Amino acid sequence: MSAPADNLRINGDRLWDSLMEMAKIGPGVAGGNNRQTLTDEDGEGRRLFQRWCEDAGLTMAVDTMGTMFMTRPGTDPDAAPVYVGSHLDTQPTGGKYDGVLGVLGALEIARTLNDLGLKTKHPIVVTNWTNEEGTRFAPAMLASGVFAGMHEQDWAYAREDAKGKTFGDELKRIGWLGEEPVGSRKDKMKAFFELHIEQGPILEAEGKDIGVVTHGQGLWWLEVTVTGKDSHTGSTPMPMRRNAGLGAARMTELVHEIAMSHQPSAVGAIGHCDFHPNSRNVIPGKVVFTVDFRSPEQEILDAMKARFEAEAPKIAHELGLGVDIQVAGHFDPVTFDEGCVTAVRNAAERLGYSHRDIVSGAGHDACWINRVAPTAMVMCPCVDGLSHNEAEEISREWASAGANVLFHAVVETAEIVE
């Protein structure tokens, strides 16, 4: 593989303008975005992305999970394509860059190659994976998980949102149910690259332009249902209460204690919690919450899950409560492909960007695709490490730096034809 000339850069202003234009679709209430998967806003964002890709000469295919594959042809029709992308769906109170930077940064590669009149031996496929966030339809990275063979498609179609609507029905409703069998192209991938904001504070704190992602944390998501008895808060004596809220509170402390006992590599928290009946003068009879354990070390990850499963029932028993624990999501820790990681690191060095190796604390589509193709990630800083929040922010310079490194790593892998 020959590297692109060091002076080649993407058009940073065009990339930024595209980010701002996409952010107009599904605006949030505080400056960010609410473009949850398979909503009307998701459909509108997809159509804008499709138009931009077709204007750049890319051809579209959509699989049966709704993932969009936009192809720039290579000179060798038999050469395995290089894939690059991320996701356009957001959290309910999401930012303008999480996922979107990776998709539009990928599109900018095709646009820049067009500007320069350059061809590559291998096709380049700009990709928008469906339902990376997993907020509306759990688990996260759903479409890439089906693509990689980690989930069954029928199971994915049956996932329900809070209103009982299914993934399969909503995919049809917004008009993005494709015909291509999901995963049919997974054996024909040369590589996959994903650009993403860090979603953590390390790069900004250390003044680094680029994160070279070498590993990804594994995770266990556990959905916990604690059951007690609804009763009046004013007239039920304290010793006679079966307070599901108290059980959930003590289990929250347990999650924190477990994660703290495995420092510095482990994290854990409860991020989603529903009280029933959720009335100010009723002791909750049921609480449903989700535990999120993460670690880059398999042994620690599994140990945290096992301890919670052993000790949460003891807490419930002491309080006269019932508890049910179900796995809501899981993936093992990831080690990204050495060759692809080296391409990213070398690109950062050639371009003169400060960089450091980093472990991704969040899950990404790249974590599943790494199972079926050589994969790597590029990260850029975000202000205060804040993400999954409408105040999420990056600079134009950070976006350009990340996209430039992405461009060089992808184009080197796709092999410029002189």
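Analyst: Happy to; below we go through some terms one at a time. This is a predicted model, in which local features need pLDDT of at least 70 and side-chain atom pairs count only at pLDDT 80 or more, while totals for chains, interfaces and linings use all residues. Residues are numbered from 1 along each chain as its sequence is written, and side-chain values use heavy atoms, with hydrogens and water left out.

User: What makes His87, Asp98 and His196 a "binding site"?

Analyst: That label comes from an unreviewed UniProt entry; such annotations may be inferred rather than shown by experiment. The three span 110 residues in sequence, yet no two of their C-alpha atoms are more than 9.8 Å apart, so they gather at one spot.

User: Why is His87 called buried?

Analyst: Buried means under 20% relative accessible area, exposed means over 50%, and partly exposed is in between (1.4 Å probe, protein chains only). His87 has 0%, so it counts as buried. His196, in strand β6 (residues 191-197), is buried too, at 1%.

User: How do you know that His196 and Asp98 make a polar contact?

Analyst: A polar contact is a pair of N or O atoms within 3.5 Å; within protein, one must be able to donate a hydrogen and the other to accept it, and residues adjacent in sequence count only if both atoms are side-chain atoms. The side chains of His196 and Asp98 are joined at 2.9 Å. A polar contact of 3.3 Å also joins the side chains of His388 and Asp98.

User: Which other "binding site" does UniProt list with Asp98?

Analyst: The unreviewed entry places one at Asp98, Glu133 and His388. They span 291 residues in sequence, but no two of their C-alpha atoms are more than 9.6 Å apart, so they gather at one spot.

User: Are Glu133 and His388 buried or partly exposed?

Analyst: Glu133 has a relative accessible area of 7%, so it is buried. His388 has 41%, which means that it counts as partly exposed.

User: Why are α1 and α12 called roughly perpendicular?

Analyst: Angles of 65 to 115 degrees count as roughly perpendicular, under 35 as roughly parallel, over 145 as roughly antiparallel and the rest as oblique. The axes of α1 (residues 12-22) and α12 (residues 396-414) cross at roughly 110° and come within 9 Å. The two helices are therefore roughly perpendicular to each other. Contact, meaning heavy atoms within 4.5 Å, is made by residues including Trp16 of α1 and Arg396 of α12.

Conventions. Helix = DSSP H or I, 4+ residues; strand = E, 2+ residues; numbered from the N terminus. Axes fitted to C-alpha atoms, helices over the stretch in contact; angles between N-to-C directions.
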